[in-house]
Amino acid sequence: MEELYKYRKSIVIDTKIWNLKAYFYGQEIWSFDASAWKYNFETPKWKFRIVQKNKMPKSKISWLYMPYWMEFWWSGKYWIHWFPLYWDKTPKYPNEEKFSRKKLAWWCVRIQKENIKTLFNWVEPLTTVIIL
């Protein structure tokens, strides 16, 4: 794997085991389960950067809220966020643990609520995101 010590902050998402790890100058600081995108919506294995983040945006595709949204593709196509919420802020997937590490997202990586807040507060624009 790439030498992560070159990056102040980096996120590595392993699509074989659906795990997200956060690194600070190459030292692992967190490891979280992640949900996956569906087979026909594969994210390319590549290096990206966090472009922007938003605490509670509404998707223009699904019209659902995407809490703790972090965009990591220049065209606005790929995101890391918590599980979606309906217009009244009720969860689309009430039992999120059941859906962790499943192929249910489109172009997203979804992280459970207790972990996404930590990651969201830590991530800053230009944080490196590596998809394996």
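Ile29 is found in strand β3, which spans residues 27-33; helices (H or I, at least four residues) and strands (E, at least two) are DSSP runs, numbered from the N terminus. The model is predicted, so that local features need pLDDT of at least 70 and side-chain atom pairs count only at pLDDT 80 or more, while totals for chains, interfaces and linings use all residues. Residues are numbered from 1 along each chain as its sequence is written, and side-chain values use heavy atoms, with hydrogens and water left out.

Ile29 counts as partly exposed because its relative accessibility is 35%; buried means under 20% relative accessible area, exposed over 50%, and partly exposed in between (1.4 Å probe, protein chains only). Together with Phe24 and Tyr25, Ile29 makes a nonpolar surface patch of about 270 Å². Patches consist of residues with over 30% relative accessible area and no salt bridge, with like charges joined within 9 Å and nonpolar side chains (Val, Leu, Ile, Met, Phe, Trp, Tyr) within 5 Å. A salt bridge is a side-chain nitrogen of Lys or Arg within 4 Å of a carboxyl oxygen of Asp or Glu.

Ser10 lies in strand β1 and is buried, because its relative accessible area is 0%. Beyond its neighbours within four places in sequence, Ser10 is in contact (heavy atoms within 4.5 Å) with residues including Leu4, Tyr23 and Trp122.

Ile11 touches Leu20, Ile80 and Leu119, among others, when residues up to four places away in sequence are not counted.

Methods. Accessible areas come from the Shrake-Rupley method with a 1.4 Å probe; for residues, only the protein chains shown count as cover.
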